[in-house]
Amino acid sequence: MSLEFGSLLRVYRLYWGLTQNDMAQLLWMSQPVYSRIESGKKTMSIAFMERVAAQCGISKQTLILAHLLLDKNLETIDKKKMDPAQKSLIRLADEIREPYPASFRNAAALGLLLAGAPEDQRQNPRELLGR
């Protein structure tokens with residue numbers, strides 16, 4: 001099984017001000033491979049997703065939920081025909097977005113990623129790169 005999480009990795013990378021090369025180093029891969037994942041041309045295996053989650057200090061379940069909370073995914077939900085799971089997802093997104101400015105893109109996904117990491121692991125990935 002493989003998953004397309006490139007857009008979530010991009011949100012996380014840009015938030016921390018990292019380059020694709022920085023992210024590739026953090027995830028133990030080459031920059032060209034990372035670039036293909038981020039652009040959606042290459043999917044992630046479950047094992048790779050677990051590595052990403054470990055590097056971010058979060059669970060794989062948090063990573064999957066954060067992916068669902070990306071603005072582009074939330075925008076596909078028809079607000080007039082929501083099932084209970086979609087209603088819960090929208091409610092959660094609204095709750096997580098609350099402290100962020102309305103113009104902040106992907107606030108729900110990023111907010112969940114940041115909140116999901118234990119307090120002692122909420123460090124800038126640049127510190128892991130020795131910068």
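Leaving aside its neighbours within four places in sequence, with which residues is His 67 in contact? The legends below treat this question and several others for a predicted model.

Figure 1. Apart from neighbours within four places in sequence, His 67 is in contact with Glu 4, Phe 5, Ser 7, Leu 8 and Asn 73. The relative accessible area of His 67 is 15%. Because buried means under 20%, this residue counts as buried. Two of its partners, Ser 7 and Leu 8, are themselves listed among the buried residues of α1.

**Figure 2. Overall arrangement of the protein chain, with nine helices and two strands.** Read from the N terminus, the order of the elements is β-α-α-α-β-α-α-α-α-α-α. The chain has 131 residues, of which 40% are buried. Among contacts with a separation of 6 or more, 63% are between residues 24 or more positions apart.

**Figure 3. Helix α1 and the residue that follows it.** Helix α1 is largely enclosed by the rest of the structure, because seven of its 10 residues are buried. These buried residues are Gly 6, Ser 7, Leu 8, Leu 9, Val 11, Tyr 12 and Arg 13. After α1 comes Gly 17, which has a positive phi, near 70°.

**Figure 4. Helix α8, a mostly covered element.** Helix α8 spans residues 107–116, and eight of its 10 residues are buried. They are Ala 107, Ala 108, Ala 109, Leu 110, Gly 111, Leu 112, Leu 113 and Leu 114.

**Figure 5. Packing of α1 against α8.** The axes of the two helices lie 10 Å apart, at an angle of about 70°. Angles of 65 to 115 degrees count as roughly perpendicular, and α1 and α8 are therefore roughly perpendicular to each other. On the α1 side, Leu 8, Val 11, Tyr 12 and Tyr 15 take part, and they meet Ala 109, Leu 110, Leu 113 and Leu 114 of α8.

**Figure 6. The largest nonpolar core, a set of 37 residues.** Leu 8, Met 23, Met 44, Val 52, Leu 63 and Leu 69 are the members that touch the most others. At least two residues of this core come from each of α1, α2 (20–26), α3 (31–38), α4 (46–56), α5, α7 and α8. Helix α8 provides the largest share, with six residues. In soluble globular proteins, nonpolar side chains tend to be buried together.

**Figure 7. Contacts of Leu 69, one of the core residues that touch the most other members.** When neighbours within four places in sequence are set aside, Leu 69 is in contact with Leu 74, Leu 89, Leu 92, Ala 93, Ile 96, Ala 108, Ala 109 and Leu 112. Among these partners, Ala 108, Ala 109 and Leu 112 are buried residues of α8.

**Figure 8. Aromatic pairs, of which the whole structure holds three.** The ring centres of Tyr 15 and Trp 16 are 5.0 Å apart and the ring planes stand at 85°, so this pair is edge-to-face. Tyr 15 is partly exposed, at 38% relative accessibility, whereas Trp 16 is buried, at 17%. Another pair, Tyr 100 and Phe 104, is tilted, with 5.2 Å between the centres and 35° between the planes. Both of its residues are partly exposed: Tyr 100 has a relative accessibility of 26%, and Phe 104 has a relative accessible area of 30%. Ring pairs also join Tyr 12, Tyr 15 and Trp 16 into a cluster.

**Figure 9. Pro 99 in the loop between α7 and α8.** Is Pro 99 buried or exposed? Its relative accessible area is 67%; because exposed means over 50%, Pro 99 counts as exposed. Between Pro 99 and Gly 111 there are 9.2 Å in space, C-alpha to C-alpha, and the two are 12 residues apart in sequence. Gly 111 belongs to the buried residues of α8.

Terms used. Residues numbered from 1 in each chain as written. Predicted model: local features only at pLDDT ≥ 70, side-chain atom pairs only at ≥ 80, totals over all residues. Heavy atoms only, no water. Buried < 20%, exposed > 50% of the residue type's maximum accessible area, 1.4 Å probe, protein only. Helix = DSSP H or I, 4+ residues; strand = E, 2+ residues; numbered from the N terminus. Phe/Tyr/Trp six-rings, centres within 6.5 Å; stacked < 30°, edge-to-face > 60°. Core = buried A, V, L, I, M, F, W, Y, C linked by side-chain atoms within 4.5 Å. Contact = heavy atoms within 4.5 Å. Axes fitted to C-alpha atoms, helices over the stretch in contact; angles between N-to-C directions. Parallel < 35°, antiparallel > 145°, perpendicular 65-115°, else oblique.
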